[in-house]
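I'd like to walk you through one model today, so please have a look at it first.

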Amino acid sequence: MRATVRDVAALAGVSPKTVSNVVNGGVVVRPETRARVEAAVAELAYVPNFSARGLRNGRTGAIALTLPELSSAYSADVARWFVELAHDRGLVVQLEQTAEDPERERELVSRARAHLVDGLVLNPVSLSASTLATTEGLPPTVVIGEVEPEHVDQVHVDSRAAAREVTGMLLGRGHRRIAIVGAARQDSVTATARLRQLGYEDALRATGLRVDPALRVPLPEWTTASAARTFADWLDHHPLPDAVFAFTDSIAFGVLHVLAARGVRVPEQVSVVGFDDVDQASFAIPALTTVSFDRRDFAGAALDLLERRIADRDAPVQTVVVPHRIVERASVAAR
C-alpha cells in the first residue's frame, strides 16, 4: 500500500505537519528533524499525493513553461533552471514548445485555461503579444521576454540595450561593416530579433554611420545549422564584413563554422560576437565573446513573480530586468 504522511510521521517520530514542512519546503525545520523525516521518506518510498493536495487547497503543484523552441543550448539551460528551482519550491514543470508560431502560441495559451496548472510562464513570439490582450480566464501568468502589454508580470533582459552595447564595443575596436545574423524577417518579426536589431541600429546611428540593409542576414530558424547555411549563402554574394553580431550563441557557432571552413581567420580578419553565454561559448574556437546574464536569477525572478501572482491574483503588476554584461573572449580583435 502507498505510504501516507501519517506513516512517515510515525516512523520519524514527528507530527504530520512537520513532514509536510519538510516535503513542501518554505518552512525552516531543524537539521536533525529534517534528516529523520528524509530517512523515513526514503525508507517508506513516500510520494506526495498532489491530487489530494489540490483538492484541499485548490492547487495542483504544477506550472507550465512555454518556450519558442526547446532544442537550443539556451532553451535547455533556461528550462533546466526552471525545473531545478521549481522543484526546490515543491512545484513540477510542464514544458511546451510554440516553434515560434504565433498561432501555436495562442493554442497553447488557450489550452492552459483548461489544464490543471497553477500558473503559466510564457515566452511570447511577438513583441506585441496578442495572446495576452487579456488575462481573463488564464491561470496566473508571468512573461519572460520583452512584450508590450503592461498588465502582465514580466522578467527580461534589456535586449536593445545589450545589443547597443555589444555593437558599440565592435565599433570601438574599429569595425565599421558589422553584419547581423538573425536579423528580423519581414514575414515573421520576433520580439528578440526586432529589439536586438534596434539596439544594433542605435549604436550605428550614435556613431554617425548609415544602417546598411545589405548587412542584415535574416534566418528561417535560429539554429546553428540554419545559421551556417544562410550565412554561407550570404557570403557567396557579399564581401567579407569586418565583424559579425550573431543574435544568439547558437547562431554564432554556425557563423564560426562557415568562416573556419573558408579559411577566414577569427578574429584577425573578422570578429564574431554572440548573445546568451551558453556553456559551449567558452569552448568554441576561438572562444566566443558574448552577452551574458544569469539564467538562474532569470528563472528565479520569474518563479518569484509567479508564486506571488498565484497567492494574490490582484497584486500590482511587476517587471524585473535581469542585468547583463559583455564577456570578452578571443573572438573579437583588439583595436
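This is a predicted model: local features need pLDDT of at least 70, side-chain atom pairs count only at pLDDT 80 or more; totals for chains, interfaces and linings use all residues.

The protein chain holds 11 helices and 12 strands. Of its 335 residues, 51% are buried. If you take the contacts between residues at least 6 apart in sequence, 67% of them join residues at least 24 apart.

How do H1 and H2 cross? Their axes come within 8 Å, at roughly 105°, and that makes the two helices roughly perpendicular. On the H1 side the contact uses Val 5, Arg 6, Val 8 and Ala 9, and on the H2 side Pro 16, Val 19 and Ser 20. By class, that is five nonpolar residues, one polar and one charged.

H1, residues 5–12, also packs on H3, residues 31–44, with the axes 9 Å apart and an angle of about 125°. The crossing of H1 past H3 is right-handed. H1 brings Asp 7, Val 8, Leu 11 and Ala 12 to this contact, while H3 brings Arg 36, Val 37, Ala 40, Val 41, Glu 43 and Leu 44. Seven of these residues are nonpolar, none is polar and three are charged.

The remaining pair is H2 with H3, whose axes come within 10 Å and cross at roughly 90°, so these helices are roughly perpendicular. Here Thr 18, Val 19 and Val 22 of H2 meet Thr 33, Arg 34, Val 37 and Glu 38 of H3. That contact divides into three nonpolar, two polar and two charged residues.

On to the rings. Five aromatic pairs are counted. In one of them, Phe 245 with Phe 247, the ring centres are 5.0 Å apart and the planes stand at 65°, so the pair is edge-to-face. Both phenylalanines are buried. Elsewhere, Tyr 74, Phe 293 and Phe 298 form one aromatic cluster.

Finally, the backbone. As a reminder, most peptide bonds are trans, and most residues other than glycine have a negative phi. Where are the cis bonds I'd like to show you? One joins Val 266 and Pro 267, with omega about 10°, and Pro 267 sits in the loop between helix H10 and strand E9. Another runs from Ile 285 to Pro 286, with omega near -5°, and Pro 286 is in the loop between E9 and E10.

That E9–E10 loop also contains Asp 277, whose phi is positive, near 55°. Is Asp 277 buried or exposed? Its relative accessible area is 15%, so Asp 277 is buried. Ala 45 has a positive phi too, about 55°, and lies in the loop between H3 and H4. Ala 45, however, counts as exposed, at 58% relative accessibility.

That's my tour, and I'm happy to take questions.

Terms used:
Residues are numbered from 1 along each chain as its sequence is written. Side-chain values use heavy atoms; hydrogens and water are left out. Axes are lines fitted to C-alpha atoms, for helices over the stretch in contact, and angles run from 0 to 180 degrees between N-to-C directions. Helices (H or I, at least four residues) and strands (E, at least two) are DSSP runs, numbered from the N terminus. A crossing is left-handed if the near helix is turned anticlockwise from the far one by less than a right angle, and right-handed if clockwise. Contact means heavy atoms within 4.5 Å. Ala, Val, Leu, Ile, Met, Phe, Trp, Tyr, Cys and Pro count as nonpolar, Asp, Glu, Lys and Arg as charged, and the others, Gly among them, as polar. Rings of Phe, Tyr and Trp (its six-membered ring) pair if their centres lie within 6.5 Å; planes under 30 degrees apart count as stacked, over 60 as edge-to-face and the rest as tilted. Buried means under 20% relative accessible area, exposed over 50%, partly exposed in between (1.4 Å probe, protein chains only). Angles under 35 degrees count as roughly parallel, over 145 as roughly antiparallel, 65 to 115 as roughly perpendicular and the rest as oblique.
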